[in-house]
Amino acid sequence: MGYYEFNLKVPAKSKDALLNKMTEMGCLGVAENNDSVRAFFRDGLDVTMLRDELKSFRNVLRECGLDDGFSFDYTYLSERDWNESWKKKFIPIDVGNSLSILPPWEKGDDNRIRLIIDPGMAFGTGHHETTKTCLMLTERLAPENRRERFLDIGTGTGILAIAASRLGFNKVTGVDIDPLAVDAATRNAELNGLKDIEIKEGGVSGVQGCYDMIAANLMSDVLIMIAKELASRLDSSGIIILSGMLVGQEEDVAKALEISGLSVTEKLIDGRWVSLVARHNAKAA
Ligand code: SAH
């Protein structure tokens, strides 16, 4: 098991379009710097299809009047290379007023709430806009919440579940359909000395009961698909934090929420990414 790293040299005019394309193609994460973009894909995907899809994207750019003069190559990273490359890249980061995210080999600042994250093969080091916004919203909204039960759907490294536990939620559950994420999140809960966090393989349908706060940092089509189930798991006075939508996709997610009895009460945009806060309709009114 490993990853494909695509390295692109992109003209400034078509950079946003190419970043959106990478996300649409299922990339796990991107690192961008001036005219270079690095995008990571799971090796379960067909790399020749990815390559051809990217090549034919030139036609789309041209049709839209954008510069199609990008170049790219790709390399395979074994699991070991992947972990090593994370170690080089994963620098500690402060998020919100009180949180610090640290890899296990860093000590950090005693005055902040330290969340230790070993990413392993999972998504969620706190550097991505969507993770950062979910963390900031959890931190900000926690004091007005009952802080009994927190559910993290698509937990990845477990970062949001771990933050919720450290921010005072009593019963924290994280679920993920990817067994590698379940392994990473379980290990990270232990690394943080949090024995009470429950990490399970699966999606929202495998979760029973109601929660006071739910976080779901997933892609927009998944959010739309599970909107009804999300609403049914949210306590009548609960708060839900959604992220993972690209700018422009949030309207459709908001509509699916509305049909399910939830109303959006806040929208935050960071770069190309949108996060939403929603509550049951009566509560939002
Ligand atoms: N919560 C972390 C990770 C988000 S990445 C953070 O905020 O950084 C999204 C995660 O959701 C991935 O680990 C992926 O495996 C998982 N996922 C995707 N679809 C899902 C679904 N339908 N149900 C549960 N998990 C899902």
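## Helix α8 and its packing

The buried residues of α8 pack against α7, β12 (234–246), β13 (262–270) and β14 (273–280), where packing rests on contact, that is, heavy atoms within 4.5 Å. This is a predicted model, in which local features need pLDDT of at least 70, side-chain atom pairs count only at pLDDT 80 or more, and totals for chains, interfaces and linings use all residues. Residues are numbered from 1 along each chain as its sequence is written, and side-chain values use heavy atoms, with hydrogens and water left out. Helices (H or I, at least four residues) and strands (E, at least two) are DSSP runs, numbered from the N terminus.

Helix α8 spans residues 250–259, and Glu-250, Val-253, Ala-256 and Leu-257 are buried in it; buried means under 20% relative accessible area, exposed over 50%, and partly exposed in between, with a 1.4 Å probe and protein chains only. Seen down the axis of α8, these buried residues fall within an arc of 120 degrees, so they line one face of the helix, the arc being that of the directions from the helix axis to the C-beta atoms. On the face of α8 turned away from its buried side are the exposed residues Lys-255 and Ile-259. After α8 comes Gly-261, which has a positive phi near 95 degrees.

## Ser-220 in helix α7

Ser-220 belongs to helix α7, which covers residues 220–233, and it counts as buried because its relative accessibility is 11%. Leaving aside residues up to four places away in sequence, Ser-220 touches Gly-244, Met-245, Gln-249 and Val-253. With Gln-249, the side chain of Ser-220 makes a side-chain polar contact at 3.3 Å; a polar contact is a pair of N or O atoms within 3.5 Å, and within protein one must be able to donate a hydrogen and the other to accept it, while residues adjacent in sequence count only if both atoms are side-chain atoms.

## The ligand site

Around the ligand there are 16 residues, of which Thr-131, Gly-154, Asp-176, Asn-217 and Leu-218 come nearest; a residue is near a molecule or strand if one of its heavy atoms lies within 4 Å of it.

A polar side-chain atom of Asp-176 lies 2.7 Å from an oxygen atom of the ligand. Of the 580 Å² of accessible area that the ligand has on its own, the protein covers 83%, with areas from the Shrake-Rupley method and a 1.4 Å probe.
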